[in-house]
Amino acid sequence: MSHRGKPIVNPQVILREEFDDWAILFDPVSCMGYGLNPVGVFIWKRLDGRHSEEEILLDLKSHCENVPGDAGIHLVEFIDDLVRRGLAGYEVTLT
Amino acid sequence: MDFLRSPESIDIAVTGRCNLKCAYCSHFTSEGDVEDLPADEWCRFFEELERRGVGHVCFQGGEPFFRDDFPGLVRCASARGIRFSILSNGTLISDELAAFISSTGSCDSVQVSIDGSIPTTHESFRGRGTFRRALDGLMTLLTHGVPASVRVTIHKRNVEDLENIAALLLEEIGLPGFSTNSASHFGLCRKNADQVQLTVEERSLAMRTLIKLKERYGDRISASAGPLAEAMTWSEMESAMRRGERTLACGGYLTGCGGPMQSLAVRADGVIVPCLQLPHMELGRINKDDLIDVWRNSSELNRLRRRVEIPLRSFAFCRDCDYVDYCTGNCPAAAHTIERDAWRPSPDACYRLFKQSGGELPDLPPTLIIAKAKGDQLEYSLDQIYFYLTRGCNLHCRHCWIEPQFQTGARTYPSLDFDLFVSVLDQAQALGLSGVKLTGGEPLIHPRIDNILDEIQRRELGLTIETNGVACTADLARRIRACKDASVSVSLDGADAETHEWMRGVAGSFEAAITGVRNLVDAGFKPQIIMTVCRQNKHDIESLVRLAEALGAGSVKFNLVQPTARGQKMHDGGEALSVEELVSLGRWVEVELSLSTTLELFFDHPAAFRPLSRLFGPAGSGCYRCGIFGILGVLGDGSYALCGIGETVPELVFGHAAHDRLEDVWRNSPVLNELRKGLPAKLEGVCGRCLMKHLCLGACVASNYQRGGRLWSAYWYCEEALASGLFPKTRLST
C-alpha cells in the first residue's frame, strides 16, 4: 500500500444510513446517489483526514472477521473510486 | 395513425416583439407578426394544459424576456406543474431573472443564441453591443444553476469563425455542448437572403469545419438542421447506397418532420398552429377551442400528419433522383416558404441540388461512422419481443391488467396468426433479437403453440413463458424444455383451491395449475411461481412458499395488483392492499421470509423500497430493471405495441405486423424515440426526485401512462407512498 496522505470525505456529501447497515452516499451537487455496503460505510466513517489508509486497514482487520489477504488493494481501489467521483480527496498543505 | 393522446409539448410565442432585429430572424415579416395576448389569457391556457396532461412548454418569441410580465407567465405555468424551456437572445437576462428561473425548479433549459467568438461576428447581424450582453446573460444563468444551452446560427459572416466559437463555448466557458443550424428561409431571412444565407461553397466549408470539430468534441456539438445535420444525413445516404441497401428507414416518403405527431404551437395572438414556422396554418384559438379536440380532430393537422404517406416518387422533381429512396423530403415549413406548399419536398435540404450546384460533402472520419453505428446498435437493439399470443384466456382472473375475453371450449377468440409470427421473427432477428417471451391471454392455448415452439427452438432464440399452467401438458413441458435457455413462470394465487380460484375465477384451475407445475418439474424445470398479493391471499404467502418448495419450484415472485383494467376494480373495491400494507409486507418478505427458504423470493415493488443488501448484496435477489429500451410487444391481433398495455391504451400501439415494417416501427415510433431520449431524465413527481430512477426507470411506463396520461408520469405506488410519508427519505434527492 502506498503512502498517499490521509483521505478525507467531501464535506458536502451526505452519508444516509439504512436499517440493514448499508447506506447511500448522496452528492447534493450532482444529485447522484451511490450505494455502500457495511464495509464501505465502515471505511467512509474513517475518511476524516486523520487516518491513513494503513490505519484504516488495521482498524478494519480488528473489527471484522475473515478479512481477505488482498483487502488493502480493495481499500485503495475503493478510495480511488471515491476520489475519482469527487466524493473524497486528500488534505493538502499550502506552501 | 400513430400520435400521442395529447401533445407532449407546446411551443409558445409569448410575444412577437423583440429588442433586436436580427437580419436572419425567422419571425419578422411572416404571418406570425401579430398582437400579443394578455397574461391572464396565457394563464387560463396553462390551466387547460394542466387538465389535459401537457407537461412541457417552450417559451419563445420574438424575445420572451421583452415582456415585462414574462416572470408572471412562467410562475403561472410552473404553479400548474408544467416544466418549461426558453429560447432567448440572452441580452435581457438579469441576475434577478436568472435567480427567479432557477427558483421555479421547473426549467429544463434556457437556450441563448451566440453566433460568434468575438463581437464582430456575433454582432454582424444582431446589432452593436449584443455580444457582451448575450454572454453576460449566459454566464448569469450558469451562475444561478439554470441549465443553459447555446444555439449557433451559421451565416456568411461567421462561417469562418466556427472553430473559435467552439473553443469559446466548450473550452473557455466549459459548456457541456452546443447546437448549430443555419440561416434559413423564414421571416426576415427571406428578404436578406443574399446577405446572410450560405452559398454552396460556404455550406461545404461549414460542413468540413463542423465535421472536424465533431471529431474533436464528439457529441458536444449537435444539430437537427443546417450544415452539420445535412453532412451527417447525406453521408448516411451515401453509405447506405454503397452498402447496397435499397432504402433507409423512413426513406422515400415525406417523413422529414415528426412534429405533428408530438407537439403543437401557439402564436403570440393565441392562435393554435402546428409549428411556429407554419404560422399561416390556423387550427384554432386557445381558450375558445378545446385543445385536445384540435389535437385529435383538426382536419388540417391530420392532413399534415398524413404527409408521411406521400411517396417522393409522386413528385416530378424527385422521381429520377438516385437518392429518392433514402430521402425524407425535409422540412414542411421550408417547403411552404419556398414552394408555397407544405405537402411537397423542400428543395432547401436537397442533396442532389447541393451536388449539382458544386457542393462537396466532406468525408466522414471512420470514428464518426463507427460511433454512429455503435450508437444505433446500443440504443436501438431489439433484444426481446413479448408475444401476447391470444386475445382470449381460459381463466377469468379478477386482477388481470390486460382483460382478455374468457375463452371456454365452446367459444374461442382470435390469436396471433402463425405466418405473421414467423414474419415478425424474420424481421426481428435482423435487428438483434435474442429471445422472446410468450404470454397472453394464455399462450399455451394458442392453436399452433407446437409450431410456435418448434420455430423458436429452430432459431435458437431464448424463451420465457408466463402461463397459468392449466394447459401445460407433459408433452408441452418437454417441448418448452427443448428450447434454448427456456424459463417458465406459473401463476398460483393461493396455497389452496379456494383462495386461488377466488382470484382466478374458474373452478378446478388450482389442481390443473399444480399438475402443470409438476409437468414442468418432471421435464427438468425449476419453474418460478408468481403470486399476485391482495387482501384475500395475504395470509397465504408463507404457505405458498412452502407449497412452491414442495413442488420443486426455483423461485417465488410476489406481484402487486396493478390499478389497470380489472385490477382497477380491485383497487376501487378495497380488495387490493394499501401501499402501507404492501410496504410492510415487502419488508417482511425481503428481510425475514427470504431467510427461511432456499428459494429465491422477489417482491415486485419498486427499487426505492428494496433494501440495498437485497439489490446488490451477495445473498440478495438482484436488481430487476425493465428492459423497455430493448423490448417490443406484439399483440394477439398482430399489432405492435409498447407491451400488453396496447390492448387497452390505443396510443401505445405503433403499427401492425401485416402492413408495417418492424424496422420502421422500432426505429421511428415517436413514443419509443421519446422514451429513448427522455427516460429517466424526464420522469416527473417522486420518480424525478428518486435516486433509484436510473435503475428503476419509473417502474412501469405503461402503467404510468395509463394512469397519468403522460410517458413521464410517476408510478402510482411511489406517489401514494410519498403522500403517506412511507417513501424512504434516504432514496430521495430533494
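This is a predicted model: local features need pLDDT of at least 70, side-chain atom pairs count only at pLDDT 80 or more; totals for chains, interfaces and linings use all residues.

Residues are numbered from 1 along each chain as its sequence is written, chains are lettered from A and ligands numbered from 1 in the order in which they are written, and side-chain values use heavy atoms, with hydrogens and water left out.

Start at the interface. Chain B brings 14 residues to the contact and chain A brings 13, where contact means heavy atoms within 4.5 Å. Together they bury about 1100 Å², with carbon and sulfur atoms giving 67% of that; buried area here is the accessible area (1.4 Å probe) that two parts lose on being put together, summed over both. On chain B's side, B:L612, B:L691 and B:T730 supply 46% of the area that chain B buries against chain A, more than any other three residues.

The interface has 1 salt bridge, meaning a side-chain nitrogen of Lys or Arg within 4 Å of a carboxyl oxygen of Asp or Glu. Its partners are A:E18 and B:R731, at 2.6 Å from N to O. Looking at chain B's elements, α25 (579-591) and α26 (612-616) each supply at least two residues of the side that touches chain A; helices are DSSP runs (H or I, at least four residues), numbered from the N terminus. The biggest giver is α26(B), with 3 residues.

On to the cysteines. How many disulfides does a search of the whole structure find? Just 1 over all chains, taking a disulfide as a pair of cysteine sulfur atoms within 2.5 Å. B:C43 and B:C76 form it, with their sulfur atoms 2.2 Å apart, and the link is right-handed, with 130° about the S-S bond. B:C43 sits in helix α1 (residues 39-52) of chain B and B:C76 in helix α2 (residues 70-79), so the pair ties together parts 33 residues apart in sequence. B:C43 is buried at 17% relative accessibility, whereas B:C76 is partly exposed at 22% (buried is under 20% relative accessible area, exposed over 50%, partly exposed in between; 1.4 Å probe, protein chains only).

B:C397 is in no disulfide, and its nearest cysteine sulfur, that of B:C393, is 5.8 Å away. B:C397 is buried at 6% relative accessibility.
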